[in-house]
Each structure stands twice: as structure tokens, then as C-alpha cells.
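Hi everyone, thanks for coming. Let me put the structure up, and we can walk through it together.

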Amino acid sequence: MMERETLERRLRSAEPSLRTPVYLVDEAALLCNLEILQGVARRTGCHILLAQKAFSMFRVYPLIGRYLAGATASGLYEARLAHEEMPGGENHVFCPAYTAEEMAEIVRICDHISFNSLVQLEAHRPLWEAAGVSVGLRVNPEHSTQEGHAIYDPCAPGSRLGIRRQNLPERLPRGVEGLHFHTLCEQDAAPLVETFAAFEKAFGSFLPGLKWLNLGGGHHITRPGYDIAALEGLILSIRETYGLEVYLEPGEAVALGAGTLITTVLDVVDASDMPVLILDTSAACHMPDVLEMPYRPPLYGAGEPGEKAYTCRLAARTCLAGDVIGAYSFDACPKAGDRLVFGDMAIYSMVKNNTFNGMPLPDIALRHTDGSCEVVRRFGYQDFKTRLS
Ligand SMILES: *Cc1c(COP(=O)(O)O)cnc(C)c1O
């Protein structure tokens, strides 16, 4: 495993040979995460799946498939992507509702399907029964462990995600082999332990008859400081107590800190309070979570506003007034032509980008372990035009 310091140095590089904007994923950083996850799986016997909704750079699926048990999907398209690009891995799917047409294809390519209601389970029963797919139900433990991020809390009041205990019969419908809950977001092991206790209290009576339990995603396992021992203790105790296969399906943790978004300053304009750097990237188009979450992405070499000599606002060249990434401070005021490197841009970035304002999409590049960079995909005008008519 590469030293964190060496990794940080690689991640900081603005790679002048690449065209900007570019999402640059670092293979060594990804490997570092994969080794941590594989360690958890080896020591506990659990299965860890890539949640593709966070990171779908399929060029590295063969690599990921060597470390993880497979992938999970939010619907048919992601399931198909894993089927095509991570062959041989397990292929799970969860969607709040599937159409009949989708299910016909899903039962051919997925080995595990989770349903969000008893109606959905029964509507598709003939297809999943005939195909011999293992099916489960997503449940809602009704135990929130997040504050302030209601849009990322499946246990928030009024949630449509997961069946509440009061809406389940005393015995699960015939053929159900697993239960699934996903309630965390960027959290440590303690909230999971707490959530499992709430889940066990409500749904524990079902567990002895089942084959598997999926603990969802939101586990920040690869973040320095995450309590891996507590996670492993929980998994081992579930396996020992109930004899279940345990699944984890992290998205973020797989590619956490494993990529950057490199951008070029195109102009510096004066605002009444501070200079504004106009970039060739956009929060709205290339890092929508900055506006949606919202959060301030890390920027290598920059400080908090006021911390260094020059404070500037970083903004896009779209016409959206609010397309602002944030205020950062620098030792010297950046000028047109300079490059800036945003950190932690592998996850929830490429999978969410768009061409609003006719903005070009960033290239997707891979920095190999030997340090060489390869442009894996370049987008152009046709990618903008073919999504319209
Ligand atoms: C979003 C999601 C995940 C992955 O979550 P991360 O926060 O990226 O780890 C896993 N499972 C389900 C059902 C999800 O909705």
C-alpha cells in the first residue's frame, strides 16, 4: 500500500499534460481503499459490493472486481453496467419500483434483488421465482442517526425508502431470503451499531429464517480514523448469532479521496468584496453535490477565507448566478492560465454531471500506479447534442 504522504503528493499534481477540466482518478489511491475493504471482508467473511451510484468509472471495474465481491445497482442501467464490466462478480439491485420490462432483464443479469414493498415483490414474483434469483425486502428501521441532512436520511419522517415494521406481517412472504437496510451517510461504525440494535429489536424475529442481511452503504470505512474494529465486531456477531451472510454496499468508501478535478482559471473579475476566479469547471455541471449537499470541496494549496494573503471566490462560467464553488485563500492571487486541483472528486461527481448551459463535460483520466496519466474518455459536442432532440 502506498504511503499516505506519497499519495497526497500525487493527488496534488495539476498534471500539465492533461487538458482541463478533467476528473483524474488515482489508481494507487483507489487500491489503498480496496485493500482496506478487502481486509474487512477477509477478517469477517462479509461480502462488500461497490454501490455504483457513487462511482461508475467502469474502466476500473476489473480492478475493483479483484478486491470486492461485486457491485450493487440502483436500477437496470447500473445493473447492466456491472454485468458487462465486472463479469463474475455478484450483481445486486435495489430500486423503489421496477417496471415489468425492466424486471424481465434484471432477473437475467442480477443474482440478488431487493424490493421496497410487498406489492412490488408480488407483482414481479413470477419472474424472480422462475429465474431463481435471491430476493429480499428493504426495511426502514425508523432510527435516524443523521442530523441536518434530511435529504440523505432514509429514516426521515415521510420516507418512502424501506418497509416499516408495522407494515409487515408476522411471517415474511414465501421466498424472501434477505433483508436490506440503508440508513447511513458518511458515518462511522457507532451509528451502524446503534442502527442494527434498532433494526434487531423490530425485525430480529425474521432473521433466523433468512440467508442474508444487507447493511447498505454510508459506511466511511476508508476514512482515516474510522473504527474498523467496531464494524468487524458487529459483522462477526451478526454472522455468529444468526448464521447470515452479511453484505455491505459502500459507494463513497470505495473511491473516497481517490480522485481530483483539475480546472484552469480563465479570468479574474472584480466583485465588490473580493476577486472572482472564473473557472473552466462548474459546481452545477461538474460537482452538483457542492450545491446540493451543500459542501465546500477541498482545494489543494488553498486555505479558508482570510487564512492566506489573498481571498478569492471560485465560480463557474455558466450563467447561473449561484454557480459558485466557494471562497478560498491563496499565498498569491491566481491568474488566468493557472490550474487548481479540487480534492475528493471521484465520488458523486462523474455520475451526476450534466451539460446545463451547454457546458463541456470534463475528460475522465486515470493516473496509473507508475504515475503515468491516461485519458480514458473525452467528451465533445455530440455528447451534449445526443441527449437533446
Ligand atoms: C447510496 C446508497 C449506497 C451507497 O452509499 P454511500 O454513501 O455512497 O456509501 C448503498 N446502498 C443504497 C441502497 C444506497 O441508496
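The second largest pocket has 19 lining residues, and Phe58, Met350, Asn353, Ile364 and Phe379 are the ones nearest its centre. A pocket here is an open set of points on a 1 Å grid over the protein atoms alone, where a 1.4 Å probe fits, with protein on both sides within 12 Å along at least five of seven lines; lining residues have an atom within 4 Å of a point. This is a predicted model, with local features needing pLDDT of at least 70 and side-chain atom pairs pLDDT 80 or more, while totals for chains, interfaces and linings use all residues. Residues are numbered from 1 along each chain as its sequence is written, and side-chain values use heavy atoms, without hydrogens or water.

How much space lies in the second largest pocket? About 700 Å³, counted as the space filled by probe spheres set on the grid points.

Now, the ligand. Ligand oxygen atoms sit 2.7 Å from a side-chain N or O atom of Lys53, 2.9 Å from a backbone N or O atom of Glu252, and 2.6 Å from a side-chain N or O atom of Tyr348. The protein buries 87% of the 390 Å² that the ligand exposes when taken alone, by the Shrake-Rupley method with a 1.4 Å probe.

Finally, the C-alpha trace of the chain spans about 65 × 50 × 45 Å along its principal axes.

Definitions and conventions:
A polar contact is a pair of N or O atoms within 3.5 Å; within protein, one must be able to donate a hydrogen and the other to accept it, and residues adjacent in sequence count only if both atoms are side-chain atoms.
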